[in-house]
Amino acid sequence: GCGGDGGSGGSADDGKITMGFSQVGAESGWRTANTKSVQGAAAAAGVTLKFSDAQQKQENQIKAIRSYIQQKVDVIAFSPVVESGWDTVLKEAKNASIPVILTDRAVDSADTSLYKTFLGSDFVEEGRKAGTWLTEEFKDSKDPVNIVELQGTTGSAPANDRKAGFAEVIGADPKFKVIASQTGDFTRAKGKEVMEAFLKANPDIDVLYAHNDDMGLGAIEAIEGAGKVPGKDIKIITIDAVKDGMQALADGKISYIVECSPLLGPQLMDLAAKAVKGESIPARVVTEETTFTQEQAKEALPSRQY
Ligand code: GYE
């Protein structure tokens, strides 16, 4: 411990863990639920949480991590906004002997000793699930299926992987055509704006695949604004299954949602406690998730936590 420094350091001798947590931002309903989960789990586990919101900017996350290193926290957790460009700051944490846990999103560092574990979803699998539903839904159709895609934040693991998993599945049948694909930054406002542009440029859209509920919800406004009926004229597939998304699914506006759980807090606190004690932890912890049809959304909605 560092008891003599006036108590600002993390590793005080009271056995309490101090965690520095750098969050991506507050871009979506998923993110809000994730922040609540982390804060609630920290309080429940008696972990002192130093929390910062990077507003979807990597430079802010790097600053936050450097400040956590300076403050000598016991453990650093963060959800990297993009996959690339973390090696330098992760080396700084490693040199300071502070364990790092990746939560929600991955980094592409070749040196995996720079972090202890990655806790989060399998985003490629989520993209595959979205693609599988689509191929089933249109299995009897001989006509081409025109798809537009709203991608998540450029360079982020969920955007890269959800695109790849979906493309892998629909790529098996040439009738599925992605006619436009652009980032909507995981926000409602951007989802609406980009969908408006898609609708103007493409008179014949059959399907929207949005990498999260929020962009899908923004796109619904654009579709309705263009005089079309979401869920009928254009089928919509999204990922996350937050309450607002589930409501739109139950209402028939969204056709299918692949779940991605934001409730990572309790598992994060368990892993952090072990990492601080120097116990070995698995290099990858994948969260368990399901999918929802419109009927399943109606059943699940009343008890949905987020
Ligand atoms: O799907 C999206 C959020 O990284 C899994 O980030 C997360 C994604 C989530 O903005 O809504």
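In what order do the 6 strands of the open sheet with mixed pairing run? They go β7-β6-β8-β9-β10-β12. This is a predicted model, where local features need pLDDT of at least 70, side-chain atom pairs count only at pLDDT 80 or more, and totals for chains, interfaces and linings use all residues. Residues are numbered from 1 along each chain as its sequence is written.

**Annotation**

- The UniProt record, an unreviewed entry, puts the feature "domain: Periplasmic binding protein" at residues 21-279; such positions follow the numbering used here, feature names are shortened, and annotations may be inferred rather than shown by experiment.
- Over residues 21-279 the chain is 45% helix and 19% strand, with the end C-alpha atoms 21 Å apart. Helices (H or I, at least four residues) and strands (E, at least two) are DSSP runs, numbered from the N terminus.

**The mixed sheet**

- β7 (176-183) and β12 (291-292) sit at the edges with a single partner strand each, so one side of each has no neighbour in the sheet. Two strands count as paired if DSSP finds at least two bridges between them.
- Strands β9 (residues 235-240) and β10 (residues 256-259) run parallel and are joined by 4 bridges. Here I237 stands opposite Y256 in β10.
- Helix α4 (residues 123-137) lies across β8 (207-210), β9, β10 and β12, at about 160° to β9. Axes are lines fitted to C-alpha atoms, for helices over the stretch in contact, and angles run from 0 to 180 degrees between N-to-C directions.
- Helix α5 (residues 157-170) lies across β6 (145-151), β7, β8 and β9, at about 165° to β6.

**The parallel sheet**

- Another open sheet has 6 strands in the order β2-β1-β3-β4-β5-β11, and its pairing is parallel.
- Its edges are β2 (48-53) and β11 (284-286); each has a single partner strand, so one side of each is left without a neighbour in the sheet. The twist averages 15° from one strand to the next.
- β1 (residues 18-23) runs parallel to β2, with 6 bridges joining them. F21 stands opposite F51 in β2.

**Helix α7 and its partners**

- Helix α6 (residues 188-201) packs on helix α7 (residues 213-225) at an angle of about 45°, with the axes 7 Å apart. α6 and α7 are therefore oblique to each other (angles under 35 degrees count as roughly parallel, over 145 as roughly antiparallel, 65 to 115 as roughly perpendicular and the rest as oblique).
- α6 passes α7 in a right-handed crossing. A crossing is left-handed if the near helix is turned anticlockwise from the far one by less than a right angle, and right-handed if clockwise.
- The residues of the α6 contact with α7 split into 8 nonpolar, 3 polar and 6 charged. Ala, Val, Leu, Ile, Met, Phe, Trp, Tyr, Cys and Pro count as nonpolar, Asp, Glu, Lys and Arg as charged, and the others, Gly among them, as polar.
- The axes of α7 and helix α8 (residues 243-250) come within 9 Å and cross at roughly 50°, which makes α7 oblique to α8. This crossing of α7 past α8 is left-handed.
- D213, G216, L217 and I220 in α7 meet D244, G245 and A248 in α8 (contact means C-beta atoms, placed from the backbone, within 7 Å).

**Helices α2 and α3**

- The axes of helix α2 (residues 58-70) and helix α3 (residues 87-95) come within 10 Å and cross at roughly 10°, and α2 and α3 are therefore roughly parallel.
- I62, I65, R66 and I69 of α2 make the contact with V89, E92 and A93 of α3. That gives 5 nonpolar, no polar and 2 charged residues.

Terms used:
Two residues are in contact if their C-beta atoms, placed from the backbone, lie within 7 Å.
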